[in-house]
2 protein chains.
Amino acid sequence: MKFTQNPFRTTKTVSSDLVSKNAKLLTQASFIHQEVAGIYTFLPLGLRVLNKIEKIIREEMDKVAIEIQMTSLAPKKIWEETGRINTVDVLMKTSGANEASLAKSNTEYVLNSTHEEMVTPLVQEFAHSYKDFPVAVYQIQTKFRNEPRAKTGLLRCREFRMKDAYSFHRSVEDLKRYYEVMKEVYMTVFRRVGLGDDTVIALASGGDFTTDYSHEFQTIVDAGEDTLFIVKSKNLCFNREVAPSQAPKLNDDQEEPKPMTDVEGIGMIGVDELAKFLQIPVEKTTKTLLFETDKGEVIAAAVRGGYDVDEEKLKKVVDAKSLKLASADVVKKVTGAEVGYAGPLNLPDSVKVYFDESTSNRRNFECGANKTHYHTINVNWERDLPLPEQFYDFKVAKEGDIYPETGEVYEVKRGCEVGNIFPLHTKFSKAFNFTYLDEQGKPQTLYMGCYGIGSSRLVGVIVEKYADDKGLVWPKQLAPFTVHLIDIQQHDRGQEIYDHLQAAGIEVIWDDRDARAGEKFADADLIGVPYRAVVSTKTGDKIELKERTSNETQLVTLEELLERAR
Amino acid sequence: MKFTQNPFRTTKTVSSDLVSKNAKLLTQASFIHQEVAGIYTFLPLGLRVLNKIEKIIREEMDKVAIEIQMTSLAPKKIWEETGRINTVDVLMKTSGANEASLAKSNTEYVLNSTHEEMVTPLVQEFAHSYKDFPVAVYQIQTKFRNEPRAKTGLLRCREFRMKDAYSFHRSVEDLKRYYEVMKEVYMTVFRRVGLGDDTVIALASGGDFTTDYSHEFQTIVDAGEDTLFIVKSKNLCFNREVAPSQAPKLNDDQEEPKPMTDVEGIGMIGVDELAKFLQIPVEKTTKTLLFETDKGEVIAAAVRGGYDVDEEKLKKVVDAKSLKLASADVVKKVTGAEVGYAGPLNLPDSVKVYFDESTSNRRNFECGANKTHYHTINVNWERDLPLPEQFYDFKVAKEGDIYPETGEVYEVKRGCEVGNIFPLHTKFSKAFNFTYLDEQGKPQTLYMGCYGIGSSRLVGVIVEKYADDKGLVWPKQLAPFTVHLIDIQQHDRGQEIYDHLQAAGIEVIWDDRDARAGEKFADADLIGVPYRAVVSTKTGDKIELKERTSNETQLVTLEELLERAR
């Protein structure tokens, strides 16, 4: 392509609401254009990269599944059948946009954010007998999600491209077998796009579907929205939400127990402020939160100062379907105090108290006094507070925490989820009453898995990973072009090399503008094509070649350029 | 592909609401699957055809425009800027589907049915100077339209695939030049997909944008929703909506004028019933309709019995922005009669009467008497009714009508619109205040065109055109596979041929099922791959080859098969 054929030129300034590195650079280099937060048009260069990524995904997926193209619009009733129409909190629906349109049809559709509701009845129509399974289908398609925030460029969009696959099996064992196949396929994809060395498989929540973990493919990158807890010795990685966590010990075993006493600290609610006021380490404070369960009970959950309660973990500990923070009224009724002064001492018997393990092994610690503005200090286990039958783990894991099984401190990194695989088990087959007939003609339970890769997100992740302070840097297999040809007032020579490269089937962009050399060089760095080839009066019958990732230039012949670029 | 690798098998019965040939056959052969009326999933075979069509479109479009990928979601404000948010009667919008989603974000978006509102401000951001033009961009993308009826399979969908292109020019002349280029590109596309011989360019309305015609690419096919009026001698084709029409003469010039008289015909409103009752040809009756204009005037429009009033044509004649049929109250007030008995005689002076040319040149004709249940017969021009200054053409053209310029009778055919090109002129550049700076730095008017091809509709049109009573018939370049290989209990031999074809890069589907020969043959016919290759004990070391469109079989060697299929 000639530079002048592309109307979407590079730009120096970008809108100030583009705060992420990938959005900024991809916009400057005109690979994408933000229409509104989280909604991006792919301009010619960006579309070339996206297409290359999707081609790689397609090549690998074709080995294990068959491609179809489902629709974005879905009848509402299939989403009602699974009940997810009310629970998927990013779901969008459509309706006529004006009176004339509504007069034509007032049907509302769901705008699919994921396709389990579509694919399950679809496959059900075709596959009935044990002979028909396993079935695995995939699609590469535009998805819609009503994301509340969209500040990370292509990493989180309201409209984005995704490969999603769904598999159907006669047994858990066959699901597990295929699941492992898919892990391999995914790692191959991430290797092929250039993220293999930086992408790990993290254990994540299986949601409501299963007590199994699901698996996330996380690329280690600072801009990632996820926090990963890595156990090096075990080659194990947890998403923060499921990382079993043990707080580092305080080592205050030698401290003499001091007399327990109540201290007035007016308005002291935050543990940091409180610790400072009491002149004790924050780890000696205790955060006690009251929750109401779906059964109508009030429970208390205590973690050491500096930690937060992970409601998902706590839900499992308490065995509740849902939890919500107790209202101020309930807190007042139960503790006799305003919100912020709850503690495990002297609570009514009806309130069961759960202790996180981080609260154990401490001496002379603080608790809320269940009295407005008052805190009890120098509390000690057994003397003041009976040891609970069990300490739990329901805190949000944080840096410095220990993996309980090996006792080693987690390595903590930021990750961006580039793919996930999910053992759905019977969640959707049961919802649609989808069974298969076995050899005896008896209906049997069907098992499903689902598998996603965010193809447009990958574009953003690769930028976050590879770009440098001069601009984008593309791995050769994804670059919009292989060679960025620049002529410095040598248009004829430029044309000649351009024609040669084109004839050799090498993807080349030729900066054929009548512009300053500096401007052309800066744009080449910004766009990030692997090889920059310059012809000028100085290069004679040679070509000056520079790799984007190197500062060295060398003079090469046309044949050598062709050889390198192939 | 092996037959058994595709979980989506052919089926004998399809849902009774699939009434169109293309929906029926494509569903039976499992190329598509209807999710709900007008919304179709593309199954593996259908997706292969769609992809081949889009590849051809892409190859031709790449020669004249640059590909981008705009989004489906649009901020409402850009649609408000053109006002089309209230007038495009197929427009859809999105919102959160449930409380949790709405709590995250209650922003509504437009779901683009077309992309003028997106592309105009996009190009405006990049192109400013006269040097930057012309600009032409295209995309191939999923579109959404709130169609009221969707009974014609892939010919009219609520969600469908489309190529849309937009061009920007410094002058009308340059727009016209590019417009002609695009005509050529489109005809090349239709030739390449196999519809060249049956696709004509029809003149159609330019809408509110221009007094120019727009141009539709219409494939002549019985299932088409459009009616085309063809002037053979001029190689000219009109969409019915703009066909200048002259009614065939009655040839009653020799009739003696009879005495005008009022006849009672109780409840006789329809012209056919009335003509029968009066024992006159329907052409001697007159249909007079009253309309209210946007200016608040009431006008009358008279056409000969057997014709309908074309409101779009009439709007231009009357020079009104909008027209609506007068209410019963207004009719009563103006004519003194119930609806159905209006006529041009004795109307108040305030009601201007427009006569279609079909009402001229008649003797002893009928008109409504402006008196409930009464009709005036034997009306004659000049004697009873002054000749109007002008007769107009505002009737819906119909078969038998004459093209006024040459006097020849139109050839009338059904067409399906596979593409259209539209001179938008300044409609959108003005709405977005998009100008360019000329050589003197002065802002100048910018001109636009838009150009669409329905890629998924093309799949349906090709079925309508080529399919026969045995099933689908695909042109080689679009067929999901080139060879349909069948082995009759010769699995090893099948495998051998399959491997050879695959190795030669020939797209082959091998029916590797353990099924009856008859079933395999029927499926081959239904799926419609160009070459059927059979190996059985009878074929020895040869292969029985049959083209889908022929009944003859011949025995060929593997080399001959490869040669034919290449």
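In which sense do strand β22 and β25(B) of chain B pair, and over how many bridges? In this predicted model, β22 (residues 411–425) of chain B runs antiparallel to β25(B), and six bridges connect the two strands. Within this pairing, B:Pro423 lies opposite B:Gly449 of β25(B).

A further partner of β25(B) is strand β8 (residues 159–169) of chain B, which is joined to β25(B) by seven bridges, again in the antiparallel sense. Here B:Tyr166 stands opposite B:Cys450. Strand β25 itself spans residues 447–453 of chain B, and seven of its seven residues are buried. In a regular strand, side chains alternate between the two faces of the sheet. In β25(B), both faces are covered. One side carries B:Tyr447, B:Gly449, B:Tyr451 and B:Ile453, and the other carries B:Met448, B:Cys450 and B:Gly452, all of them buried.

The confidence values of the prediction are as follows. For chain A, the mean pLDDT is 95, with 99% of residues at 70 or more. For the complex, the predictor reports an ipTM of 0.93 and a pTM of 0.94.

Chain A is divided into four parts: domain 1 (44–71 + 113–241 + 413–463), domain 2 (73–111), domain 3 (261–379) and domain 4 (483–565). The centres of domain 1 and domain 4 of chain A, taken over C-alpha atoms, are separated by 40 Å.

The contact between the chains involves 56 residues of chain A and 57 residues of chain B. On the chain B side, strand β5 (residues 92–96) gives the most, contributing five residues. The residues of that side comprise 31 nonpolar, 17 polar and nine charged.

Strand β5 of each chain also takes part in a pairing between the chains. Strand β5 (residues 92–96) of chain A pairs with β5(B) in the antiparallel sense over five bridges, and A:Lys93 has B:Ser95 as its bridge partner. Within chain A, β5(A) is joined to strand β6 (residues 109–111) by three bridges, the two strands running antiparallel; A:Thr94 stands opposite A:Tyr109 of β6(A).

These pairings form part of an open, antiparallel sheet of six strands, in the order β4(A)-β6(A)-β5(A)-β5(B)-β6(B)-β4(B). Its edges are β4 (73–75) of chain A and β4 (73–75) of chain B, each of which pairs on one side only. From one strand to the next, the twist averages 40 degrees.

Methods
Residues numbered from 1 in each chain as written. Chains lettered and ligands numbered in written order. Predicted model: local features only at pLDDT ≥ 70, side-chain atom pairs only at ≥ 80, totals over all residues. pLDDT = per-residue confidence, 0-100. Domains from an automatic or database assignment. Contact = placed C-beta atoms within 7 Å. Helix = DSSP H or I, 4+ residues; strand = E, 2+ residues; numbered from the N terminus. Nonpolar A, V, L, I, M, F, W, Y, C, P; charged D, E, K, R; others polar. Pairing = 2+ DSSP bridges. Buried ≥ 20, exposed ≤ 12 C-beta atoms within 10 Å, placed from the backbone. Axes fitted to C-alpha atoms, helices over the stretch in contact; angles between N-to-C directions.
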